[in-house]
Amino acid sequence: MPLINFAAREINYKIVYYGCGLCGKTTNLQYIHRKINPDARGKLVSIATEEERTLYFDFLPLTLGTVKGMQTRFHLYTVPGQSYYNASRKLVLQGVDGVIFVADSQITRLDENVESYLNLWDNLLGQGDDLSKLGFVIQMNKRDLTDIFSVEDLNELLNHTDSPVAESSAVTGEGVFETLKVVCKQVIAKTG
Amino acid sequence: MARRKGLVINDRQLDRCDDLLQKLKDVSGSSFLALISTSGQPITTASDEYHPETLSLASLAASSFAATQQLAKILDENEFTLLFHEGKGLNLHVSQVTDQVLLIVTFGHATQVGKVRLYTQRAIEVLRQIFEGPDDETMPEMDADFEAAAGTAMDDLFKDM
């Protein structure tokens, strides 16, 4: 549900990074903020605890520039990953156009990944969205670590919608922009 | 299910909103006003000299307001329809216009809270008609080539990353 302001010639899309605690959602945003042309981004806003764990959300606006006369923006959000912050996650999901589910590839994080994935679909269904209009990408993060699932195994465990998959290491930046590009193109194609 | 209505604003609606915000600013003595969507995106603003960072402000105000609504539910209150923060030099007033639109008003101590609340409430009644009332103007459509052009713009923005 993008905000299309024909009068001001603006269109805004909302993209949410979802996933379990410490999977790399905030690291994705920090990398984008660090690397992208400063003219194309706004301020990175983080509502975090003293231990730098996301308490509510991180927010980073990106400007694509003027496309066919429309100033086009993507508003990137993360959710708090820890399971007891579900009320906050639901609020961040309101009005979402596209979701990047960040999966922690480490074998030891399987339960947290599955719990977060199921929680995402519960919350999306709970807010009554037409999910066929939603952009969705699974980012398999931390591919640079050892003791990780294969892409095929993670795909079977977490991708019941047969959605696009991207491999990444948010710490080094590998795959971060590729993931973002896929979901941005999806939301434009799906919502116009 | 299948609830995915976007918020689309046409020229006439925006002109009426801009006029109204300007009047509200003048009569209430407020310094900055913004209409934003409940998902945190700015629609339009009215200001003379004071220009806060609008994108972050919209995102934080919408989230804060949504959290307030949830607090109301937890407290078995039907709804909290406004959010008010009092500062040393500046006050912030956020109120609900429709299910999809919020109104942000900031004002200093040169005016009174009661005055701002009174005029804001009156303005909201008119704003509600603008967003919810029938509008004869046909909504324009997105350029057919928008998707392809946006794809090219994205390739340019993200190249070499």
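**A tour of the contact between chains A and B**

The contact takes 43 residues from chain B and 42 residues from chain A, two residues being in contact if their C-beta atoms, placed from the backbone, lie within 7 Å. This is a predicted model, in which local features need pLDDT of at least 70 and side-chain atom pairs count only at pLDDT 80 or more, while totals for chains, interfaces and linings use all residues. Residues are numbered from 1 along each chain as its sequence is written, and chains are lettered from A in the order in which they are written.

Select α4 (146-158) of chain B next: with 9 residues, α4(B) gives the most to the side of chain B that touches chain A. Helices (H or I, at least four residues) and strands (E, at least two) are DSSP runs, numbered from the N terminus.

Then select strand β1 (residues 3-5) of chain A and β1(B), which run parallel and are joined by 3 bridges; the bridge partner of Ile4(A) is Val8(B).

Within chain B, show α1 (residues 11-28) and α3 (residues 113-132), whose axes come within 10 Å and cross at roughly 170°, the axes being lines fitted to C-alpha atoms over the stretch in contact and the angles running from 0 to 180 degrees between N-to-C directions. That makes α1(B) roughly antiparallel to α3(B), a term for angles over 145 degrees.

Finally, in α2 (residues 86-93) of chain A, the buried residues include Leu91(A) and Val92(A), where buried requires 20 or more other C-beta atoms within 10 Å of the residue's own. Just after α2(A), Gly95(A) takes a positive phi of about 75°.

Technical notes: Angles under 35 degrees count as roughly parallel, over 145 as roughly antiparallel, 65 to 115 as roughly perpendicular and the rest as oblique. A residue is buried if 20 or more other C-beta atoms lie within 10 Å of its own, exposed if 12 or fewer, and partly exposed in between; C-beta atoms are placed from the backbone. Two strands pair if DSSP finds at least two bridges between them.
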